[in-house]
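Dear colleague,

I am handing over the structure we spoke about, and below it you will find what turned up in it. Please have it open beside this note as you read.

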Amino acid sequence: MVKKDDTYYMNKALELAKKGKGRVSPNPLVGAVVVNDNEIVGKGYHKKAGTPHAEVHAIEDAGDQAEGATLYVNLEPCCHIGKTPACSIKIINSNIKRLVVAMEDPNPLVAGKGFKQLKEAGIEVKLGVLEERAKKLNEIFIKNMREKSPFIYLKTAQTLDGFLATSTGDSRWVTNEKARAYGHRLRHKVDGILVGIGTVLSDNPRLTTRLEAEEGIDPIRIVLDSKLRTPLDANIINEKSNSKTMIFTGQDYDKNKFAEFKERENVQVIILSYDQDNKLDLEEMLHILYDMEVMSILIEGGGTVNHSFINKKLIDKIYTFIAPKILGGNDGIPAFKGKGSKKIKDSFKLKNIEYEKLADNFLIKGDLS
């Protein structure tokens, strides 16, 4: 029988928090449970930005049983009034006597102030239960708050010899159905999905989210296209979706194409500066996207785009899907196309590595930052 201690109940709060994936940005994922006399009497999670927070749902679910109870929540309760009232006041007014939290809120508007307010109201506060799991769950939000920049995921689907596609550009399908379904779950959790113009021209992707068990949230489609070569009949331009397509182009863009795209309601073209390598300034693009509340991006580009991001050290986490296939030559399209490290000691190294078997495919994921 599982012992019902603080760890047990915090695990329940973390599982509830996951239900908000893909739906709460720019807010964090938060779950909460109210426990009275060793039984869960209320539970809730943050469902969508601008709606009540997890603590509110859990306390209201508990009703009168919240009095004298313990509240478990994976993130410090907010103490400021934003789009919703302060959760700290809700907790105080409910007569909760004890609060157990996984981690402090990195938002400067909170950052310990919520705890201070609750302690001053006579509520016992315990911090740090399953803290590392909580930080991993909200890695996007933590980076957003600390660096004011989107969290960047890079996904590659490659053969054993490191190729995304053959020399002719054929890539359907390198990986199996399980790996591709996993990729769609990644799309569901992020705000934007990014490719280069090469991928648009060769694959004509839809860049939508297709899940089996639920309706997926389509991320904003982001295209790096310095000459504005995206075809007017491309799937990303004509896809029926609630999310728009953003094309980042350079100073010498196609003026006629620009005028035609301006007539499309779901398309936005943004002109970027060039960096010192005469390529689109990726850091400028990320600042623009962050200001538009695009808090996380999944890169599904080709070798050139992948190389550009890793070379500028802009990637936070990598998901590499490996299929037991070998092209057997040196003319395929590599996962990273460009100049690499001259010495092994200078190579990019993953941290916090995890492995997962997906039928006959293999997934390696880890942090780069």
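Within helix α4 (residues 113–120), Glu 120 and Lys 116 both have their place, 4 residues apart, which is about one turn of the helix. Their side chains form a salt bridge (2.6 Å, N to O), and both residues are exposed. Please keep in mind that this is a predicted model.

Across the whole structure, the search gives 21 salt bridges. Among them is the one in which the side chains of Arg 98 and Asp 6 meet (2.8 Å, N to O), a pair that links distant parts of the chain, since Arg 98 lies in strand β4 (residues 98–103) and Asp 6 in helix α1, 92 residues apart. Arg 98 counts as buried because its relative accessibility is 17%, under the 20% limit, and Asp 6, at 13%, counts as buried as well.

Another salt bridge joins the side chains of Lys 90 and Glu 60 (3.2 Å, N to O), and this pair also links distant parts of the chain, with Lys 90 in helix α3 (residues 87–93) and Glu 60 in helix α2 (residues 54–62), 30 residues apart. Here Lys 90 is partly exposed at 28% relative accessibility, whereas Glu 60 is exposed at 53%.

On the surface, Lys 12, Lys 19, Lys 43 and Lys 47 gather in a patch of positive charge; of these, Lys 12 belongs to helix α1 (residues 6–17). Ile 353, Tyr 355 and Phe 362 make a nonpolar surface patch of about 300 Å², in which Ile 353 comes from strand β15 (residues 351–358).

Notes. Residues numbered from 1 in each chain as written. Predicted model: local features only at pLDDT ≥ 70, side-chain atom pairs only at ≥ 80, totals over all residues. Heavy atoms only, no water. Patch = residues over 30% accessible without salt bridge, like charges linked within 9 Å, V, L, I, M, F, W, Y side chains within 5 Å. Areas by Shrake-Rupley, 256 points an atom, 1.4 Å probe, with all protein chains shown as cover. Salt bridge = Lys/Arg side-chain N within 4 Å of Asp/Glu carboxyl O. Lys, Arg positive; Asp, Glu negative; His and termini not counted. Charge placed at Lys NZ, Arg CZ, Asp CG, Glu CD. Helix = DSSP H or I, 4+ residues; strand = E, 2+ residues; numbered from the N terminus. Buried < 20%, exposed > 50% of the residue type's maximum accessible area, 1.4 Å probe, protein only.
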